[in-house]
Amino acid sequence: MKKHNFSAGPCILPQEVFQQASQAVLDFDNSSLSILEISHRSSAFVNVMEEARELALELLNLENKGYKSLFLHGGASMQFLMTAYNFLNRKAAYLNTGTWSSKAIKEARLFGEVIEVASSKDTNFSYIPKNYSIPEDADYFHCTSNNTIFGTQMKSFPHTGIPLVCDMSSDIFSRDLDFSKFDLIYAGAQKNMGPAGATLVVIKEDILEKVSRQIPSMMSYKVHIEKDSMFNTPPVYAVYVSLLTLRWLKAEGGIKALETKNKEKAELIYNEIDRNPLFKGFAEIEDRSHMNATFNLTDQALKEKFDELWKNAGINGLSGHRSVGGYRASMYNALPLESVKVLVDTMQELEKNG
Ligand SMILES: *Cc1c(COP(=O)(O)O)cnc(C)c1O
């Protein structure tokens, strides 16, 4: 039987995507060729790339609004430096909400001055700072919408007169936002959108005018846009499996429908964390992530017992990140509600028999 997969990333994808993806390795679109052995310049693959790029914009409701989408290599980590390389001319403002924001800040400092507008490091990133001010003369403001490791999520985004750049790796396509407020969104595919190896970048074309330095071709958004995301060999298979996942998302009813399901899953686990005296949540309640629920036992002596219970229930990937400890239930788009019910059952079983 398939495991209940709470892995934080790479993560669960829809079962039908795994089936279609494996079929395409053997025979892609009845071509008698594998997707792994065709030219990325072939019309069959160019169609895949174009559909994936269009579908990403359609699902974000950003069609015909001056945005372009790209599927690049290098993960979200490459975007930490690429955003700064392209847009940090003098100084940029960053909100520090966790490990990934901190890494983005570290890379940006190589290119100019970084103003850290606020940080929640004082409590090991258990909350999202609020009421900070953003210097209006900064080149852009950068934030992380969902903090995968700490289980916090931004519920609102600041209004600024400067470009808004957001790392949405772990909650893209999971909730309905006004995406037209953002000038640049990036997301490593492996949290909510596909397998590891591709990174989605959605960029408002008019901010490209702000690029002032010479950028090596592979680091230049402008070059990748001009070449329709095919400047060099793209991560062909990762783009294809991302396309399959995006098609699934659309068939499920799009972002709004997914948001409803994700809310239901999140409420189920958080209600149990708050009700069950053997557990406590890590993140501030108002900032809790609907994607990654972080929690711990109130009594560490029960650890062995609980670990045995969930492993026997067929659960995978529940151990917390080393910088938080405890447990983390990652409930990305493709995780069924049923899996969260199984987890809640094991928590209740611990309470009964612990
Ligand atoms: C996982 C993750 C990253 C790093 O992604 P890579 O693709 O491994 O570079 C960056 N930001 C967030 C929010 C993440 O969850």
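Biologist: Let's start with R53 and E50. Which helix do they both lie in, and how many residues apart are they?

Modeller: Both lie in helix α2. They are 3 residues apart, about one turn of the helix. Helices here are DSSP runs of H or I with at least four residues, strands are runs of E with at least two, and both are numbered from the N terminus. This is a predicted model, where local features need pLDDT of at least 70, side-chain atom pairs count only at pLDDT 80 or more, and totals for chains, interfaces and linings use all residues. Residues are numbered from 1 along each chain as its sequence is written, and side-chain values use heavy atoms, with hydrogens and water left out.

Biologist: Got it. What do R53 and E50 form, and how far apart are the closest N and O atoms?

Modeller: They form a salt bridge, with the closest N and O atoms 3.2 Å apart. A salt bridge means a side-chain nitrogen of Lys or Arg within 4 Å of a carboxyl oxygen of Asp or Glu.

Biologist: Is R53 buried or exposed?

Modeller: R53 counts as buried, at 6% relative accessibility. E50 counts as partly exposed, at 27%. The cut-offs: buried is under 20% relative accessible area, exposed is over 50%, and partly exposed is in between, with a 1.4 Å probe and protein chains only.

Biologist: Which residues are linked with R53 in a network?

Modeller: E50 and D228. The three are linked by salt bridges.

Biologist: How many salt bridges does the structure hold?

Modeller: It holds 17. One of them joins K256 to D176, with the closest N and O atoms 3.3 Å apart. That pair links distant parts of the chain, 80 residues apart. K256 is in helix α7 (residues 254-275), and D176 is in the loop between β8 (164-167) and β9 (184-188).

Biologist: What about R288? Which residue does it form a salt bridge with?

Modeller: With D274, where the closest N and O atoms are 2.9 Å apart. R288 lies in the loop between β11 (279-281) and β12 (292-297), while D274 is in helix α7, so the pair ties together parts 14 residues apart in sequence. R288 is buried, at 8%. D274 is partly exposed, at 47%.

Biologist: Switching to the ligand. Which residues come nearest?

Modeller: There are 13 residues around the ligand, and S77, T148, D167, Q190 and K191 come nearest. Near means that a heavy atom of the residue lies within 4 Å.

Biologist: How far is S77 from an oxygen atom of the ligand?

Modeller: A polar side-chain atom of S77 lies 2.6 Å from one. For T148, an N or O atom in the side chain is 2.4 Å from a ligand oxygen. For K191, that distance is 2.7 Å. The protein covers 88% of the 390 Å² of accessible area that the ligand has on its own.

Biologist: Where does the largest share of the shell come from?

Modeller: From helix α3 (residues 75-87), with 4 residues.

Biologist: What is phi of S32 near?

Modeller: It is near 60°, a positive value. S32 lies in the loop between α1 and α2 (43-59). S32 is exposed, at 63%. S229 also has a positive phi, near 65°. S229 sits in the loop between α5 (221-226) and α6 (236-251), and counts as buried, at 3%.

Biologist: Last topic: strand β10. How many of its residues are buried?

Modeller: In β10 (residues 199-204), 5 of its 6 residues are buried. Strand β2 (residues 67-72) pairs with β10 in the antiparallel sense, over 6 bridges. To count as a pair, two strands need at least two DSSP bridges between them. S69 has V202 in β10 as its bridge partner.

Biologist: In which sense do β9 and β10 pair?

Modeller: Antiparallel, over 5 bridges. Y186 stands opposite V201 in β10.

Key:
Polar contact = N/O pair within 3.5 Å; in protein donor to acceptor, adjacent residues only side chain to side chain. Areas by Shrake-Rupley, 256 points an atom, 1.4 Å probe, with all protein chains shown as cover.
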